[in-house]
Amino acid sequence: MAVVDDHPLEPGEDATTFFQPRGLVFVTMLWVCAAVWLLCRGLSVLVQVLLGDVPPIGELVTVAESLLVVPVVTASLVMLLAWNRLGWMKSSVYGLEFAATGRRGVHLRWASIASVGLRRWGPFTELVVTPTDMAAVTELPGPGRRPRVLRRESGPAFLIDVGLMSPGPRTLLAELHRRIPSRV
């Protein structure tokens, strides 16, 4: 689902919107929850066996049932909490607007962006946007916590989770290269 803009696109405006598809986020959360739950339940049963208390077959069936139910319920609850707060980014002639999951949006004019880059990999990929000056940053109104800011020696930078965005992080970076080739 695309982000709704406050101002309509004008004739000839060039804009690209990146967003996190809810289905993809749910499936990713489901697999992460299932892997963590399997590891925890497996270690629990292993410790039980090592302590000399071999679980009966009925308890193993309960463990198997929990492996089918707990990850689905957990991923569903996480999606309910984050339903309308998933991260997004819009690149247009006006500049760059973005928000991390559960955070308020930020607007930066193209001239106010010192650098952008990707860090981490896979679904954990983050876009790091460094402004030339924090005074050039406009925080957009809306629900959510303050934008994610990474404090580092070269100056503060904003973090946006882009690993599950559609189109993907490489397309996103190519779009930013197209907009600000001298600074990316």
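I located Leu68 in helix H2, residues 57-82; helices are DSSP runs of H or I with at least four residues, and strands are runs of E with at least two, numbered from the N terminus. The model is predicted, so I noted that local features need pLDDT of at least 70 and side-chain atom pairs pLDDT 80 or more, while totals for chains, interfaces and linings use all residues. Residues are numbered from 1 along each chain as its sequence is written, and side-chain values use heavy atoms, without hydrogens and water.

I looked up the accessibility of Leu68 and found it exposed, at 65% relative accessible area (buried is under 20%, exposed over 50%, partly exposed in between, with a 1.4 Å probe and protein chains only).

I then searched for salt bridges (a side-chain nitrogen of Lys or Arg within 4 Å of a carboxyl oxygen of Asp or Glu). The whole structure holds five. One of them joins Glu139 and Arg104, at 2.6 Å from N to O. I recorded that this pair links distant parts of the chain, 35 residues apart: Glu139 lies in strand S7 (residues 138-139), and Arg104 in the loop between strands S3 (95-99) and S4 (106-108). Glu139 is partly exposed, at 31%.

Which residues pair with Glu126? I found Arg119, with the closest N and O atoms 2.7 Å apart, and Arg120, at 2.9 Å. Glu126 is buried, at 5% relative accessibility, whereas Arg119 is partly exposed at 27% and Arg120 is exposed at 52%. Through shared partners, salt bridges join Arg119, Arg120, Glu126 and Arg148 into one network.
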